[in-house]
Amino acid sequence: MAHERAAPNGETATAAPPHDPAGAGAGGVDARRLRDALGRYATGVAIVTARAGDGRPVGMTVNSFAAVSLAPPLVLWSAQRGVPPYDAFAVADHYAVHVLHAGQQALSDRFATPGIDRFAELAPLDGLAGLPLLADYAARFQCAVEHRYDGGDHLILVGRVLAVDARPGEPLVYHAGRYHRL
């Protein structure tokens, strides 16, 4: 899967929209086959954090993170519409991307689980513009939103990297609906 997901534990995608009873998206592509094919592209796993309008920290697990440009320093990720905390990310001016290392599968699962306090028992650090930052990561990018683009059932957020940190270690990898290690 090449997009952020609500749960990385292998749960299946929702069916095609009601107006598309055959399960085919635009151009007649079957939604399930598309999801399965996208899942063949191995990705890293990241948690993106921001502040909601009321000041509380929000975050979600994604695997849609990518580099865009070195000059200027730009990265992107996509947030699935309708998946909490989508509404907070849709209006946030800043976000932080935390690329996860191989020992952080449980944290990835936590930030992919709907309906829980994802920051319970965590003590986020204060980052630029008040960003809630996770203390443990393989790489961390603090960003200001540069562009927002409609991406169908996702919102694509391009951010200008304002600060970056990286640590050595093995990445947490997601492929074919499961976590993997190198």
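Arg167 is partly exposed, with 37% relative accessible area. Its salt-bridge partner is Asp136, which is partly exposed too, at 36%. This is a predicted model. A search of the whole structure turns up seven salt bridges.

**Salt bridge Arg167–Asp136**

- The closest N and O atoms of Arg167 and Asp136 are 3.7 Å apart.
- Arg167 sits in the loop between β10 (154-166) and β11 (173-175).
- Asp136 sits in the loop between β8 (132-133) and β9 (139-151).
- The two residues are 31 residues apart, and the pair links distant parts of the chain.
- Arg167 counts as partly exposed because its 37% falls between the cut-offs of 20% and 50%.

**Salt bridge Asp126–Arg51**

- The side chains of Asp126 and Arg51 form a salt bridge, with an N to O distance of 3.6 Å.
- Asp126 belongs to strand β7 (residues 125-126), and Arg51 to strand β2 (residues 46-51).
- The pair therefore ties together parts that are 75 residues apart in sequence.
- Asp126 is exposed, with a relative accessible area of 63%.
- Arg51 is partly exposed, at 28%.

**Salt bridge Glu146–Arg160**

- The side chains of Glu146 and Arg160 meet in a salt bridge, at 3.0 Å from N to O.
- Glu146 lies in strand β9, while Arg160 lies in strand β10.
- Parts of the chain 14 residues apart in sequence are therefore tied together by this pair.
- Glu146 is partly exposed, with a relative accessible area of 33%.
- Arg160 is also partly exposed, at 29%.

- Strands β1 and β11 run antiparallel and are joined by two bridges.
- Gly44 has Val173, in β11, as its bridge partner.

How values were computed:
Residues numbered from 1 in each chain as written. Predicted model: local features only at pLDDT ≥ 70, side-chain atom pairs only at ≥ 80, totals over all residues. Heavy atoms only, no water. Salt bridge = Lys/Arg side-chain N within 4 Å of Asp/Glu carboxyl O. Helix = DSSP H or I, 4+ residues; strand = E, 2+ residues; numbered from the N terminus. Buried < 20%, exposed > 50% of the residue type's maximum accessible area, 1.4 Å probe, protein only. Pairing = 2+ DSSP bridges.
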